[in-house]
Amino acid sequence: MAELALTPQQILRNMLQRRPAGKLAGASSADNPLRGLLEERDSRLDSFKTEEELRLGYKDEISPYELDVGGQLSKDLTGYRIPIVSDLGNAINAYIYGKEMNEYRDAIREKIDNQLESEGIEKGSSEYQIEILKRMPDVGNPEAMVEFGVGAAIGAPVLKGSFGALKALYDRIPKETRESTKSETKDLAPIDNPEMIKSLGRAYLNE
Amino acid sequence: MARAAIKKVAQAEIRAAKSFLERRGLDSDDISPKKFAKAAKELDKGFVETLQILARELSAGDT
């Protein structure tokens with residue numbers, strides 16, 4: 001037994017000199033150390049299936065990355081394949097949002113109708129059509145159009161109206177209609193008085 | 001201007017929606033039970049039909 005005893009230095013030297021055992025000691029691993037690790041990979045991993053995959057009966061020929069679990073789930077539930085389940089949640093959000101925007105649009109329309117009526121413009125007349133187009137909020141800006149496109153793509157406006165365009169209504173109209181903007185600007189006196197311009201200039205320079 | 005009048009849903013309806021979604025393996029993180037219940041109420045449809053309407057629109061009718 002005494003002859004088996006090694007000094008700490010000998011143990012360290014042996015550890016440093018030790019060569020890999022088994023497949024790792026082959027010539028291939030000398031070329032590429034990672035290859036040895038790949039060869040050691042447990043082959044059972046290739047045929048591993050989750051309980052969900054087994055339940056749904058996916059065949060071996062389908063790559064794990066091509067499994068459409070979400071799509072299959074929605075297909076079973078609704079008859080339509082929606083690969084990403086959260087898309088359904090997004091559609092619900094968009095629908096609720098679109099409904100709210102419709103409510104706002106209707107309220108704006110009602111308000112403008114009342115205004116037109118008080119101005120003596122008959123509903124349904126050609127003048128009414130012109131005025132309503134003028135006074136209803138403009139949703140022709142590029143951002144609103146992009147939102148409209150996105151909304152349409154996810155099927156949000158489906159049930160009623162277009163939520164993208166309505167968002168623009170929400171952002172702009174409840175605060176001020178064109179009519180109110182017009183009347184506000186009308187009340188402001190034009191700054192064309194030389195004295196006023198001078199005083200404004202002085203105030204600006206004193207700041 | 002008056003605030004938009006979206007129908008309100010009762011707690012019991014939200015709980016029912018949550019239970020409905022969970023029983024079908026749909027996570028509450030993916031679909032909000034409250035909004036789902038609200039959408040069903042707005043559409044005046046049952047939960048199953050609401051889900052079908054949304055799926056149909058999302059998939060553009062492709063099965």
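The model is predicted. Chain B has three helices and zero strands, and 29% of its 63 residues are buried. Chain A has a mean pLDDT of 66, where pLDDT is the predictor's confidence in each residue, on a scale from 0 to 100.

**Helices of chain B**

- Read from the N terminus, the elements of chain B follow the order α-α-α.
- Helix 1 of chain B contains 13 residues. From its first C-alpha to its last it reaches 18 Å, which is close to the 18 Å expected at 1.5 Å a residue.

**Helix 1 against helix 2 in chain B**

- Two packed helices are described by the angle between their axes and the distance between the axes.
- Helix 1 (residues 11-23) of chain B and helix 2 (residues 33-43) of chain B have axes that come within 8 Å and cross at roughly 105°.
- Angles of 65 to 115 degrees count as roughly perpendicular, and helix 1 of chain B and helix 2 of chain B are therefore roughly perpendicular to each other.
- On the helix 1 side of chain B, the residues in this contact are E13(B), I14(B), A17(B), K18(B) and L21(B). They meet P33(B), K34(B), F36(B) and A37(B) in helix 2 of chain B.
- By class, this contact between helix 1 and helix 2 of chain B has six nonpolar, three charged and no polar residues.

**Contact between chain B and chain A**

- Chain B gives 25 residues to the contact, and chain A gives 28 residues.
- On the side of chain B that touches chain A, helix 2 and helix 3 (47-58) of chain B each supply at least two residues.
- Helix 3 of chain B provides the largest share of that side, seven residues.
- The residues on that side of chain B comprise 13 nonpolar, seven charged and five polar.

**Confidence in chain A**

- In chain A, 43% of the residues reach a pLDDT of 70 or more.
- Confidence in chain A is highest in helix 7 (residues 126-135) of chain A, at a mean of 85, and lowest in helix 10 (residues 178-187) of chain A, at 48.
- Residues 174-178 of chain A have pLDDT below 50, and this stretch has seven contacts in the model beyond near neighbours in sequence.
- Residues 183-187 of chain A also stay under 50 in pLDDT, and for them the model has zero contacts beyond four places in sequence.

Terms used. Residues are numbered from 1 along each chain as its sequence is written. Chains are lettered from A and ligands numbered from 1 in the order in which they are written. This is a predicted model: local features need pLDDT of at least 70, side-chain atom pairs count only at pLDDT 80 or more; totals for chains, interfaces and linings use all residues. Axes are lines fitted to C-alpha atoms, for helices over the stretch in contact, and angles run from 0 to 180 degrees between N-to-C directions. Helices (H or I, at least four residues) and strands (E, at least two) are DSSP runs, numbered from the N terminus. Angles under 35 degrees count as roughly parallel, over 145 as roughly antiparallel, 65 to 115 as roughly perpendicular and the rest as oblique. Two residues are in contact if their C-beta atoms, placed from the backbone, lie within 7 Å. Ala, Val, Leu, Ile, Met, Phe, Trp, Tyr, Cys and Pro count as nonpolar, Asp, Glu, Lys and Arg as charged, and the others, Gly among them, as polar. The expected span of a helix is 1.5 Å times one less than its number of residues. A residue is buried if 20 or more other C-beta atoms lie within 10 Å of its own, exposed if 12 or fewer, and partly exposed in between; C-beta atoms are placed from the backbone.
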